[in-house]
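Welcome! Please take a moment with the sequence and the model below, and then we will walk through some of its packing together.

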Amino acid sequence: MSTAVPSSSASSSSSASAPSSSPASSPPAAPAATDTPTDLLPGVVRVGREPAAPQGAAVAESGQTRRRSAFRPDIEGLRGVAVLSVLAFHSAVPGLTGGFVGVDVFFVVSGFLITGLLVGRPLGLWDFAARRARRILPAAATVLVATAVAGGALLDPLRGTDLARDLIASAGQFANWRFVGEQTDYLAAERDPSPLQHFWSLGVENQFYLLWGVLLLGLARYLHGRRRTLAITLATVAVGGVSLALCLRWTATSAPLAYFSTGSRLWEFAAGACAALAGPALAARAERRPVVRTLRVLGWLGLAAVLTPVFLYDRNTPFPGTAALLPVLGTAAVLLAGHGTLGAADAGRLLATRPLRAAGRLSYAWYLWHWPVLTIAQARYGPLPWSTLLALTAAAALPAWLTLRLVEQPLRYGSSPAPRRGLAVGASALVIPLIAALTLGGGTVRALGDPAAGPVAAPAGAADGPSLLAPGARVLTLTPSLARAREDFPPGKGCEIPLNADSSPRCLFGAEDSPDRIVLLGDSHAGQWISAGLALAEQRHWALEVLVKPGCPLATLTVRNNVLGRTFDECDRWRENTLTRLTTVAVEED
């Protein structure tokens with residue numbers, strides 16, 4: 001299971017942005033004295049019992065009262081549960097091995113909030129884009145720049161080069177696709193995680209916003225009334241159905257593609273969208289006693305469905321796949337249950353407690369900050385115990401709070417609501433991290449040396465072993481250059497067959513007709529000897545045959561492949577076919 005989970009989600013009552021597996025963007029506290037956010041989710045009924053008006057007094061329903069009745073503190077608390085689950089998972093807290101499902105909770109909440117906003121309020125596409133940019137990008141840019149600075153100072157130059165590429169992908173909102181490519185590659189799948197790997201969920205969420213904004217606002221432009229509602233409902237069901245089918249297929253064939261790709265995650269947003277579309281009908285019946293009881297049961301069942309995977313799932317759970325149905329449907333159930341008045345016995349009242357709401361408000365910034373802190377600390381000091389990781393995660397709440405107060409809220413509430421201002425803020429938040437990425441990349445390239453430079457003798461007392469790439473150490477000119485380390489493969493790299501193949505091609509080097517033959521047989525640990533074996537074969541006029549399958553040892557073992565996300569059955573078939581092939585060739589030659 002990838003360590004990257006949840007991104008940013010909108011305010012608890014309007015906009016949403018995702019958090020490894022990223023949490024939704026934490027809902028900032030409103031600038032007014034109330035908890036009411038600026039953006040509202042139309043069609044949401046009151047969430048608490050309002051004080052009775054004095055007898056005989058006519059109480060006018062002001063705009064402020066309407067905003068208060070629209071606010072959903074249970075959603076804010078639900079986001080708190082989601083982000084705490086993710087943070088506990090990343091901190092390796094014992095017993096909370098399935099906390100990565102928190103990102104799925106955020107995706108459902110985002111689909112719910114954004115759909116409610118777009119359906120209930122007429123917005124122009126530029127206005128919508130400006131709101132999202134102001135909500136999500138400034139905090140993300142702050143973390144990206146800080147990570148670039150810390151990475152340049154604390155990481156070795158080779159990881160710094162990778163980080164520069166990750167910065168570009170994260171700032172461009174396509175980090176999820178970069179990590180699909182990186183983790184689908186077996187030779188890269190086992191690298192230490194990137195300090196920006198958690199930005200995959202932010203990429204997924206922003207790609208969803210683009211699709212959903214164009215789709216729903218386009219339908220709203222040309223359709224009205226029941227036709228519009230029907231078209232939106234059909235589109236939501238269709239997108240969700242196709243996405244779920246892709247999710248199930250890819251979970252069985254490529255775990256990175258299933259986990260990181262937008263196509264396999266859209267159904268989770270669609271589940272939240274369906275809950276938003278069903279909301280007005282439930283709200284109209286929320287005062288009826290049978291409906292109240294049903295919603296109460298639905299809320300508790302939904303909350304149980306969200307929390308159960310946190311304790312029962314682990315890295316070996318094929319995910320998302322069918323396993324994601326439990327937290328996704330549970331979140332949708334909690335969102336539906338919140339359409340009724342929150343009573344003392346409701347799950348929503350538990351979610352609306354102050355600690356969970358405080359975590360929910362901070363969730364976006366906290367999620368963004370904690371992962372770079374954890375990964376850079378471990379890159380610098382080696383594996384750390386879970387207690388230390390948890391302390392570092394808790395410490396990350398400080399820069400998260402500062403980001404919320406000094407960056408998120410001022411830019412969201414303190415600037416002009418004109419779309420051009422929001423788009424300008426978003427453009428700046430994209431350009432500044434790109435400049436930081438180019439600066440970091442240039443510095444690491446200089447540190448790694450000239451790729452075209454020839455070999456030199458190492459001076460006496462030169463750094464070696466673990467100290468070779470330590471920050472500040474002199475990097476020697478190597479053959480090949482250290483700058484080419486990611487591209488330096490033996491000549492037989494093409495002989496390493498794909499993971500889903502169960503037989504190797506004819507892969508001979510050296511004197512192919514020689515009766516003497518060296519056979520390299522096994523996984524990539526056998527493949528690392530190709531260059532040495534080829535040199536020996538050429539020296540003695542022998543043949544070299546390469547039969548290598550990545551991740552498949554020669555010993556008869558049951559292997560689980562992290563890239564496929566399942567038992568490596570192809571390895572067993574390849575091993576049997578290869579040994580049979582060698583036996584047959586030996587008999588024929590005899």
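A crossing is left-handed if the near helix is turned anticlockwise from the far one by less than a right angle, and right-handed if clockwise. This is a predicted model, where local features need pLDDT of at least 70 and side-chain atom pairs count only at pLDDT 80 or more, while totals for chains, interfaces and linings use all residues. Residues are numbered from 1 along each chain as its sequence is written, and side-chain values use heavy atoms, with hydrogens and water left out.

**Two helix pairs**

Helices (H or I, at least four residues) and strands (E, at least two) are DSSP runs, numbered from the N terminus. Axes are lines fitted to C-alpha atoms, for helices over the stretch in contact, and angles run from 0 to 180 degrees between N-to-C directions.

| Helix pair | Axis separation | Angle |
|---|---|---|
| α2 (residues 73-90) and α15 (residues 354-381) | within 6 Å | roughly 25° |
| α8 (residues 199-222) and α11 (residues 266-284) | 11 Å | about 60° |

Helices α2 and α15 are therefore roughly parallel to each other (angles under 35 degrees count as roughly parallel, over 145 as roughly antiparallel, 65 to 115 as roughly perpendicular and the rest as oblique). The crossing of α2 past α15 is left-handed. In their contact (heavy atoms within 4.5 Å), residues of α2 including Gly77, Gly80, Leu84 and Leu87 meet residues of α15, among them Gly360, Trp366, Tyr367 and Trp371. By class, this contact of α2 with α15 holds 12 nonpolar, 6 polar and 4 charged residues; Ala, Val, Leu, Ile, Met, Phe, Trp, Tyr, Cys and Pro count as nonpolar, Asp, Glu, Lys and Arg as charged, and the others, Gly among them, as polar.

Helices α8 and α11, in turn, are therefore oblique to each other, and α8 passes α11 in a right-handed crossing. From α8, Val204, Glu205, Phe208, Leu211 and Trp212 meet Leu266, Phe269 and Ala273 of α11. The contact of α8 with α11 has 7 nonpolar residues, no polar ones and 1 charged.

**A sheet with a helix on it**

Which order do the strands take in the open sheet of 3 strands? The order is β1-β3-β2, with mixed pairing; two strands pair if DSSP finds at least two bridges between them. Strands β1 (508-510) and β2 (517-522) are the edge strands, each pairing on one side only. From one strand to the next, the twist averages 20°. Strands β1 and β3 (residues 543-548) run antiparallel and are joined by 3 bridges. Leucine 508 has glutamate 545 in β3 as its bridge partner. Helix α20 (residues 530-540) packs on the sheet and touches β1, β2 and β3, its direction making about 160° with that of β3.
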